[in-house]
Amino acid sequence: MNESVADLLSIRARYAAVVKGDLELIAKERERIRIDIAALQDQLRLLDDGQAWLEGLQNNVQPPPGAGTGAGSVQEGGAAEAVSGDGEAGKEPAPSTAASSKTASGAPTLRDLIVDELRG
């Protein structure tokens, strides 16, 4: 009987050690994630500020509606009646690169950065 009590205490001590170790790992992981979230929030704030600034700039440089309707103005629809390099009109424009995962400069998008961070 004495031996079974000692075994029980030994098992409890091992479980207690495992639980303590698991709790420490979870605490460390939670802190790492908090740091990552804070960094992402800072990046998001910077992007929001940049977007607000660019939208303000865009509003200041856009001509008022109806301005520039002369023969040399650019049409709103883009290349609706554009002529391709070989002189044929009505061809479909090249596919948009907006669907690509990188911007025109080759840098990854914010979405890609966040997805990569969450995968890590």
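The structure holds four salt bridges. It is a predicted model, and its protein chain is made up of two helices and zero strands. Across the protein chain the pLDDT averages 77, and 67% of the residues score at least 70.

**Confidence**

- Residues 73-100 have a pLDDT that stays under 50.
- For residues 73-100 the model has eight contacts beyond four places in sequence.
- Where pLDDT is low, predicted coordinates should not be read in detail.

**Chain and surface**

- The protein chain has 120 residues, and buried residues make up 1% of them.
- Its accessible surface comes to about 10700 Å².
- Carbon and sulfur atoms account for 59% of that surface.
- The two helices of the chain include α1, at residues 2-61, and α2, at residues 110-119, each of which gives two or more residues to the nonpolar patch.

- Glu 29 and Arg 32 join their side chains in a salt bridge, with an N to O distance of 2.6 Å.
- Both of these residues, Arg 32 and Glu 29, lie in helix α1, where they are three residues apart, about one turn of the helix.
- Arg 32 has 36% relative accessibility and so counts as partly exposed.
- Glu 29, at 37% relative accessibility, also counts as partly exposed.
- A network of salt bridges links Glu 29, Arg 32 and Asp 36.
- Further along, the side chains of Asp 42 and Arg 45 meet in a salt bridge, again given as 2.6 Å from N to O.
- Asp 42 and Arg 45 are likewise both in helix α1 and three residues apart, about one turn of the helix.
- Asp 42 is partly exposed because its relative accessible area is 41%.
- Arg 45 is partly exposed as well, because its relative accessible area is 45%.

**Salt bridge between Arg 111 and Asp 112**

- Arg 111 pairs with Asp 112 in a salt bridge, and the closest N and O atoms are 3.8 Å apart.
- Arg 111 counts as exposed because its relative accessibility is 60%.
- Asp 112 has a relative accessibility of 15% and therefore counts as buried.

**Nonpolar patch**

- Helix α2 gives the most to the patch, with four residues.

Note on methods:
Residues are numbered from 1 along each chain as its sequence is written. This is a predicted model: local features need pLDDT of at least 70, side-chain atom pairs count only at pLDDT 80 or more; totals for chains, interfaces and linings use all residues. Side-chain values use heavy atoms; hydrogens and water are left out. pLDDT is the predictor's confidence in each residue, from 0 to 100. Contact means heavy atoms within 4.5 Å. Buried means under 20% relative accessible area, exposed over 50%, partly exposed in between (1.4 Å probe, protein chains only). Accessible areas come from the Shrake-Rupley method with a 1.4 Å probe; for residues, only the protein chains shown count as cover.
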